[in-house]
Amino acid sequence: MSHGTMLAAVLNKPLDMEMKQVPIPTPGKDEALVKVYCIGVCGSDVHYYEHGRIGRYVVEQPIILGHELAGEVVAIGEDVKQVQVGDRVAVEPGVTCGRCEYCKAGRYNLCPDVVFMATPPVDGAWAEYVAVRADFLFKLPDTMTFEQGALLEPLSVGIHAMNRANVTPADRLLVTGLGPIGLLAIQAAKLYGVKEIYATDVVPFRQELAMEMGATAVIDPSKENVKERLQELTNGHGISVVVESSGNGRAIGDAVRAVKRGGRLVLVGMPAVDEIPMNINTIIDSELDVFGLFRYANTYPAAIAALSNSDLDIEKVITHKFTLQETEQAVEMARTQKDTSIKVMIYPGMNQ
């Protein structure tokens, strides 16, 4: 059946975005059509907009970006049983095959055949509607907003980091880099019962927001010796887990020195180069566990349950709101105003 056309923000090539009328997706037998209520601007969206590529993923033809979203189900395929028309849902944007060894082992984020929104050549959801396989839709409780639903995607990165490092309430945690992922990693740590959460960043606005969102203390690495300050703040106990979310080469190298012997280091931020100097002797001598992190797996149900019974305000990371027609301004805000913006949100249904 035909659904007519919808408005979408289409990236033609780097720094060239335009609003176009494109066909509304027709959901397949196992898919649902979701009317997008809100969708975030991710760092990867900004990178594609600015550079046209991330690693081996290259924008070779016009593409719709955006993958952090929530909305309302407006149509379902004939085989769909997980959701109904009218359901408010969060969308997990990476649809995996469900059959490979990684999917079978529960590590479906490593599926080689994943179809991930806004990763070339797959379109994303900076649009009025999107069709999604129904088992990647998660119903939102009445107590959760659409904004919280959209933020489940970046929050899931933080939750996956906690899972990778086997974080417990007894840990003392350091988050380096206070962009959206770093700030939401603080929230994830709080959901896991961590009481001492330290953070580093050089931007005053982000430092202040981290304190508002529950950090125990924030250190400016350009002004203080991070390791010495952490020893002082923890009364000599040190940091047992570091979540490195900045992708800054120096921060990655310093993270090895910031964590105490026997500690764990989770590398989240993607550096601009493939190779970063690290003190391997320290890793060996201190018996550090170093974990890479790629997206997330099996996080949405737990995140929804935890947030539903929590007083955390993850919406604090939303600093700016734009209409769908203002998508280019939204991306430019995220690209050029990093000192004052954190999470920029787009609302397809909002009037100009």
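**Figure 1. The loop between β1 and β2.** Leu15 sits in the loop that runs between β1 (5–13) and β2 (16–23). This and the following views show a predicted model. Although Leu15 is not a glycine, its phi is positive, at about 65 degrees. Most residues other than glycine have a negative phi.

**Figure 2. The cis peptide bond between Pro120 and Pro121.** The bond joining Pro120 and Pro121 is cis, with an omega of about 5 degrees. Most peptide bonds are trans. Pro121 is placed in the loop between β10 (115–116) and β11 (129–133).

**Figure 3. The second largest pocket.** This pocket holds about 280 Å³ of space. Its lining consists of 18 residues, and those nearest the centre of the pocket are Met117, Asp123, Val130, Ala131 and Val132. Strand β11 gives the most to the lining, with five residues. By residue class, the lining of the second largest pocket has 13 nonpolar, four charged and one polar.

**Figure 4. The largest cavity.** Rolling a probe the size of a water molecule over the atoms shows where empty space is left. The structure has one cavity of 30 Å³ or more. About 70 Å³ of space lies in the largest cavity. Which residues line the largest cavity? They are Glu92, Gly94, Thr96, Tyr108, Asn109, Val114, Phe116, Arg295 and Tyr296. Four residues of this lining are nonpolar, three are polar and two are charged.

**Figure 5. The packing of helix α3 against helix α4.** Helix α3 (residues 146–164) packs on helix α4 (residues 180–191) at an angle of about 60 degrees, and the two axes are 8 Å apart. The helices α3 and α4 are therefore oblique to each other. Their crossing is right-handed. On the α3 side, the contact is made by Leu151, Pro154, Leu155, Val157, Gly158, Ile159 and Met162. On the α4 side, the contact is made by Ile181, Leu184, Ala185, Gln187, Ala188 and Ala189. Of the residues in the contact of α3 with α4, 11 are nonpolar, two are polar and none is charged.

**Figure 6. The packing of helix α3 against helix α9.** The axis of α3 and that of helix α9 (residues 300–308) come within 10 Å and cross at roughly 100 degrees. The helices α3 and α9 are therefore roughly perpendicular to each other. From α3, the residues in contact are Leu152, Glu153, Leu155, Ser156 and Ile159. They meet Tyr300, Ala303, Ile304 and Leu307 of α9. The contact of α3 with α9 is made up of seven nonpolar residues, one polar and one charged.

**Figure 7. The packing of helix α1 against helix α10.** Helix α1 (residues 43–51) and helix α10 (residues 327–336) have axes 10 Å apart and pack at an angle of about 100 degrees. This angle makes α1 roughly perpendicular to α10. Val46, Tyr49 and Glu50 of α1 meet Glu328, Val331, Glu332, Ala334 and Arg335 of α10. The residues of the contact of α1 with α10 comprise four nonpolar and four charged, with no polar.

Note on methods: Residues are numbered from 1 along each chain as its sequence is written. This is a predicted model: local features need pLDDT of at least 70, side-chain atom pairs count only at pLDDT 80 or more; totals for chains, interfaces and linings use all residues. Side-chain values use heavy atoms; hydrogens and water are left out. Axes are lines fitted to C-alpha atoms, for helices over the stretch in contact, and angles run from 0 to 180 degrees between N-to-C directions. Helices (H or I, at least four residues) and strands (E, at least two) are DSSP runs, numbered from the N terminus. Angles under 35 degrees count as roughly parallel, over 145 as roughly antiparallel, 65 to 115 as roughly perpendicular and the rest as oblique. A crossing is left-handed if the near helix is turned anticlockwise from the far one by less than a right angle, and right-handed if clockwise. Contact means heavy atoms within 4.5 Å. Ala, Val, Leu, Ile, Met, Phe, Trp, Tyr, Cys and Pro count as nonpolar, Asp, Glu, Lys and Arg as charged, and the others, Gly among them, as polar. On a 1 Å grid over the protein atoms alone, a cavity is a set of points where a 1.4 Å probe fits but cannot get out, and a pocket is an open set with protein on both sides within 12 Å along at least five of seven lines; lining residues have an atom within 4 Å of a point. Grid points are joined across faces, edges and corners, and a volume is the space filled by probe spheres set on the points.
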